[in-house]
Amino acid sequence: MHFYVYTNIMQMCEMNDANGTGEDMGMIRSNRRRHAADGDVLVLCMLLRSLFLFLFTIHHAAPDTPFQNIFDDISFLFLYGNRTSRIPDTTVFRKEYDFIVIGAGSGGSAMANRLSENPNWNVLLLEVGTEENLMVNVPLTAGLTTATKFSWGYCSAPMKNACKGLENGVCYWPKGRGLGGTSLINFLLYGRGHKRDYDEWEQAGNYGWSYKDVVKYFEKAEQIKGRKPNPEGYVHIEQTSFETPMLRRFIAAGKAFGYEEIDPNAPVQLGFYKALATMKNGERCSASRAYLRPVANRPNLHISMKSWATKILINPELKTAYGVEFTKDKKRYQIKVTKEVILTAGAIASPQLLMLSGVGPKDHLEQLGIPVIQDLKVGYNLQDHTTLSGLVFTVNKPVTIRERDMRRPEFILNYMINRKGPFTVPGGAEGIAFVKTNNSDLPSDYPDMELVLGTGAVNNDESGSLRHTFGMTKEFYSKTYGSARGQHAFGIAPVLMRPRSRGRLYLKSTNPYHWPHMEGSFFDHPKDMSTMIEGIKLAVRIAESESFAPYGAKLLGTPFYGCEKEPFRSDAYWKCCLQQVGASIQHQSGTCKMGPSSDPDAVVNPELQVYGIRNLRVVDASVMPFLPAAHTNGVVYMIGEKAADMVKKDWANNVDS
C-alpha cells in the first residue's frame, strides 16, 4: 500500500508539471475540504518528489487511511529522532467540568494550558479538527496548507472594492481547523505590535490593556532563540539562518529611505528587520505544539477532537452559561460547567456560536426565530489587514527562490537532516518593514503600511499552490505572469495597517454547520483605498531603488489582467488592481468587540466577560477593539495569557476553586 500511494503521488506531481499551472487542482477553490487531499499532494510534490523510494524502504506503520499513513511516515522522517507522541483524544467525558474551552486555536490552547495548571480544576478543550502533521511543519510551504483539511476554506461575500477578479468574485478567508487553529496554516510571522495600539485600547475605556500592562504577557508567552531562556514561555520564536541577498538589499533600501533596522519586538514599530517567526529549530511552532503537547497528559485536562460545538447552554432567566452542546462521532453531548465557558473559536466562529446561542443583535436573531437572551452587537466591527497580492519584481541574477529549485535533493536533505536552508523561510517572507506613506494622518512614529519582502514571487508558482492561496483565476495568472515564468523574481506585499472600513458577520440560518455570511467591506472607506495606493507605489519605489539596482530589479511590465485599459502604474491602475485582486492576509478581528459599558458596540468588557451573561468569556481575535499594527497570532497569544490570569484571579478566593 505504501508503494502504491507513493507512486500515485509522484504520478500526480508529473501531471502538475505537465500542465504547468496545477490544473488538476482547479476545483480546490470551489470546495476546499473535498479536495484537501489534493492540496496535501502539492506539499508532497514540492518536498519529497525525489525521495519516495527512500521513504518506502525506511519506515512502515499500520495505516489509518492511505493519505494519513503517508503523512505520518513523512512526519517521522522530518522529525528525525525528535518525533513526539500524539495528543490523546478524549472519548469518555465527565458529567461536568470547571471550565470548557471551545476552540483549540492560539487563545484556546493558551487558556487550556494555563487553567489546567491548577490541579484542582478540570478543563475540557473542544476542537472540530484533528492534530497537525507534516503539512504544517515546514515553514516555506506555509501557503500550501490553506488547500488542505486544516483550513475551513471560508469565503467572504462579494465586495465592491476588492476580490472582484478572484475565483467566484469573492475573497478566500482560510481559518485554521485543527489543534492549533489558524497557527497551523498562517505564515508564521510574529510581532507584538506598536505600543500605541494597546495604549489606545486602554484610552478607549479598556482598563488594564495599556502597553505597560500587556507587554509582560507577550514576554510570558515567548521563548526567543538566542535570548535568555524563559521558564514560563511556550511559544518558540526565531529567525531563519537562511538569507537570500534580497534581505540585506531590502534593509539597505529602508535606510536609504530614512528608516532604521529595528528590533522586531521594539515598542515602536517603525523600520525594517529580518522576519521573526513562530518556529523551533526550523519547524513551525503552532499553538498546539507550544501549549498542548507539553501538557497533554495532565489528568485534569481533556482534549476532545472532531468535536463541533453547536450551542452554548445559557439559562435565559438567570442569564448564566452552564454548559456546552457539541457533536462527536455522530453523537450529541451536553456537558455542564461549574465555573465558566471560555469561547475561543476565532473571529468568525465565536460570534457565530454566540448568535446561535441567543446572544447577538435582537432584530437579526428574531428574524431567524432564535430566542434572544442578550441583545448585543455581535458580528459587527469586522476588521482585517488587506494587501495587494502578486507584485512581481524581476531580477537578472539567480538570487531568489524559485519553486522548481526547491525540488532539488540537496535542499530537501539539508532541511531533513539539519533543519537548515530555504525551507526554513516562513511562508517565503524574509523581511518586514513598517513604514509611513505620504497619505498618513497617524502619529509621527506610527506606521500606516507594512511591507513584506518575499524571497520568491508568484510568477514561479509552478504547482499552482500560491495561485489557489491568493484565489487568482487561471486566466488572470496566465495572462499576467505567463511571460515571466521561470524568471528569477521577488515580491513585496504592501499591507494596510489601520483600516477604517468595517465589515459585518451574521447568520445565514440556524444550522450550526452552515457558514455565516461574511461582509469584509475592504477599501469601502476612501482613506483605505488612497493609503493602499500610496503603499503600493512606495513598495515599487523601494524595489526599484539603488539598493536593488545591481540585480536589475524592476516591476514586471505586464499589466494585471482586467486592468489593461488604465495607464500602467497610474493611481487609476492601482485602484483597479486592488478592486480586482486586493485581498486579505487573514487577520479577521473585532467581531466581539471589547469595550466599557458605555460603548454601545461592546460585546465583552475589559475582563473579556460577555455583557449580561455570567460565566461566559471570549478569548480570541474577535475581542480586539481595533487591529494592532502586527501579525495577529502573537497578539492572540498575549490575550490568552492575560485572560488566563484574569480567570485565575476571579476564582482565587472562591471557596469552590
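Author: T632 is buried, and the reason is its relative accessible area of 7%, which is under the 20% cut-off. The model in which this value was computed is a predicted one.

T632 belongs to helix α18, which covers residues 632-651. Leaving out residues up to four places away in sequence, T632 touches H587, S589, M624 and L627. One of these residues, S589, is also touched by S622, a residue placed in the loop between β25 (616-618) and α18. S622 counts as buried because its relative accessible area is 0%. Besides S589, S622 touches G346, A347, S350, G590, T591, C592 and K593, again not counting residues up to four places away in sequence. Among these, S350 is 272 residues from S622 along the chain, yet the two C-alpha atoms are separated by 7.4 Å.

Of its contacts with a separation of 6 or more, 74% are accounted for by residues 24 or more positions apart. The chain has 657 residues, of which 66% count as buried, and its secondary structure comes to 18 helices and 25 strands.

Helix α8 runs over residues 211-221 and is mostly covered, with eight of its 11 residues buried. These are Y211, D213, V214, V215, Y217, F218, K220 and A221.

The account now turns to another helix and its partners. Helix α9 (residues 245-256) has 12 residues, and the distance from its first C-alpha to its last is 17 Å, close to the 16 Å expected at 1.5 Å a residue. Its buried residues are M246, L247, F250, I251, A253 and G254. They lie on the same side of α9, because the arc they cover around the axis is only 155°. These buried residues pack against the strands β7 (271-274), β18 (429-435), β19 (449-454) and β20 (489-496), and against helix α16. Just after α9 comes G258, which takes a positive phi of about 95°.

Helix α16, one of the partners of α9, has 18 residues and reaches 26 Å from its first C-alpha to its last, close to the 26 Å expected at 1.5 Å a residue. Of its 18 residues, 14 are buried, so that α16 is described as mostly covered. Helix α16 (residues 526-543) also packs with helix α17 (residues 571-581), at an angle of about 105° and with the axes 10 Å apart. That angle makes α16 roughly perpendicular to α17. On the side of α16, the contact is made by M529, M532, I533, I536, K537 and V540, and on the side of α17 by D571, W574, K575, L578 and Q579. By class, this contact has seven nonpolar, one polar and three charged residues.

Within α17 lies C577, which counts as buried because its relative accessibility is 0%. Leaving aside neighbours within four places in sequence, C577 is in contact with L388, F560, C563 and G582. F560 is 17 residues from C577 in sequence, and their C-alpha atoms are 6.7 Å apart in space.

Two asparagines complete the account. Most residues other than glycine have a negative phi. N168, however, has a phi near 65°, a positive value in a residue other than glycine. N168 is placed in the loop between β3 (154-155) and β4 (172-173), and it is exposed because its relative accessible area is 62%. N281, also not a glycine, has a positive phi of about 50°. It is found in the loop between β8 (279-280) and β9 (283-284). With a relative accessible area of 46%, N281 is partly exposed.

Definitions and conventions
Residues numbered from 1 in each chain as written. Predicted model: local features only at pLDDT ≥ 70, side-chain atom pairs only at ≥ 80, totals over all residues. Heavy atoms only, no water. Axes fitted to C-alpha atoms, helices over the stretch in contact; angles between N-to-C directions. Helix = DSSP H or I, 4+ residues; strand = E, 2+ residues; numbered from the N terminus. Parallel < 35°, antiparallel > 145°, perpendicular 65-115°, else oblique. Contact = heavy atoms within 4.5 Å. Nonpolar A, V, L, I, M, F, W, Y, C, P; charged D, E, K, R; others polar. Expected span 1.5 Å × (residues − 1). Buried < 20%, exposed > 50% of the residue type's maximum accessible area, 1.4 Å probe, protein only. Arc of directions from axis to C-beta.
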